[in-house]
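Please open the structure in your viewer and keep the selection tool at hand.

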Amino acid sequence: LHPNGDLETARAAAITDTPFCVSTVSTKSMEAISGVMGQAHRFFQLYLHEDDEFNRSLVKRAEKSGYESIVLTVDGPSIGRRCRSLRNGFAMPEFVNGNFMTEGTSRGEANGGLHKPALKRNLDWGDVDALRTMTRLPIVLKGITHPRDAEVAADHGVEGVVVSNHGGRQLDGVISSIDAISPIREVTDGRIDLILDGGIRTGSDIIKAMCMGAKAVMIGRPYVYGLAVAGSSGVEKVIHDLTDDLKTSMLNAGIARTEDANESYIFRG
């Protein structure tokens, strides 16, 4: 989408003081990304692999690089069947993964210096407990849509969950995150922070999510569109537009502060 990949997004996040969640499969290394973020908040999105030492090394690298929480993805044990990608012969090439390159290895030497761990497909709550032993950073589970899972997550001491269906790209027909968040809020009752991911396109989307219990929202496709068109300045533009639209939506809804947003503003026909 852009020759500089996640570095452009990281620069925009730093300029706009927007938290950035950096993926295990980022196009640049987590250290390089952190290096351009200044004082902006950064989180590391972890995909667990079969190799426990590799998982531990990723977590320790994230801690050393200034990441403030570990966002454990629990809804992506396998890539969903994406028909358009299959028709176009598209697959994510392994060599673009900046975090899997061994030390001192350049892109041109990828075949000889690429660590190729297998994703762990049989995640369970023991993995969450094991992650807790690896780090003192807050742990957030990404990919929760069922209230019972959110309850159990709180019981296991995580600090938050990302209510997400992985952009609707994993399991066809899965519940939308906006429909999932209210039941999750009811059962967790403030024990953990809720973040909504998926379908955020406008400021009114953001305020709806916050009215339904989200402390924050994540954006995916919108910033990627801006990145593809204009690099870091395109991502900045998307963030500024969403922020301005959020303020306008709050004003027109009669909501003075984000903390005043609640479900009384939501009409269900």
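The model shown here is predicted. Begin with arginine 87, which counts as exposed because its relative accessibility is 63%, over the 50% cut-off. This arginine belongs to helix α4, residues 83-87.

Next, turn to charge pairs. Side chains of opposite charge can pair when their charged atoms come close. The count of salt bridges in this model is 16, and three of these stops follow.

Select aspartate 197 and lysine 142, whose side chains meet in a salt bridge with an N to O distance of 3.6 Å. Aspartate 197 lies in strand β6 and lysine 142 in strand β4 (residues 139-144), so the pair ties together parts that are 55 residues apart in sequence. Are these two residues buried or exposed? Both aspartate 197 and lysine 142 are buried.

Move to aspartate 155 and arginine 191, a salt bridge in which the closest N and O atoms are 2.8 Å apart. This pair also links distant parts of the chain, 36 residues apart: aspartate 155 is in helix α7 (residues 147-155), and arginine 191 is in the loop between α8 and β6. Aspartate 155 counts as exposed at 52% relative accessibility, while arginine 191 counts as partly exposed at 48%.

Then select glutamate 263 and arginine 185, joined by a salt bridge of 2.3 Å, N to O. Glutamate 263 lies in the segment after α10 (221-253) and arginine 185 in helix α8, 78 residues apart. Salt bridges that share partners join Arg185, Glu186, Glu263 and Arg268 into one network.

Two stops concern the backbone. Histidine 166 has a positive phi, near 60°, although it is a residue other than glycine. Histidine 166 sits in the loop between β5 (160-163) and α8 (177-188), and it is buried, with a relative accessible area of 9%. Aspartate 189, also not a glycine, has a positive phi of about 50°. Aspartate 189 is located in the loop between α8 and β6 (193-197) and counts as exposed at 65% relative accessibility.

Cysteine 21 is buried, with a relative accessible area of 17%, whereas cysteine 83 counts as partly exposed at 42%. How many disulfides does a search of the whole structure find? The search finds zero.

Terms used
Residues are numbered from 1 along each chain as its sequence is written. This is a predicted model: local features need pLDDT of at least 70, side-chain atom pairs count only at pLDDT 80 or more; totals for chains, interfaces and linings use all residues. Side-chain values use heavy atoms; hydrogens and water are left out. Helices (H or I, at least four residues) and strands (E, at least two) are DSSP runs, numbered from the N terminus. Buried means under 20% relative accessible area, exposed over 50%, partly exposed in between (1.4 Å probe, protein chains only). A disulfide is a pair of cysteine sulfur atoms within 2.5 Å. A salt bridge is a side-chain nitrogen of Lys or Arg within 4 Å of a carboxyl oxygen of Asp or Glu.
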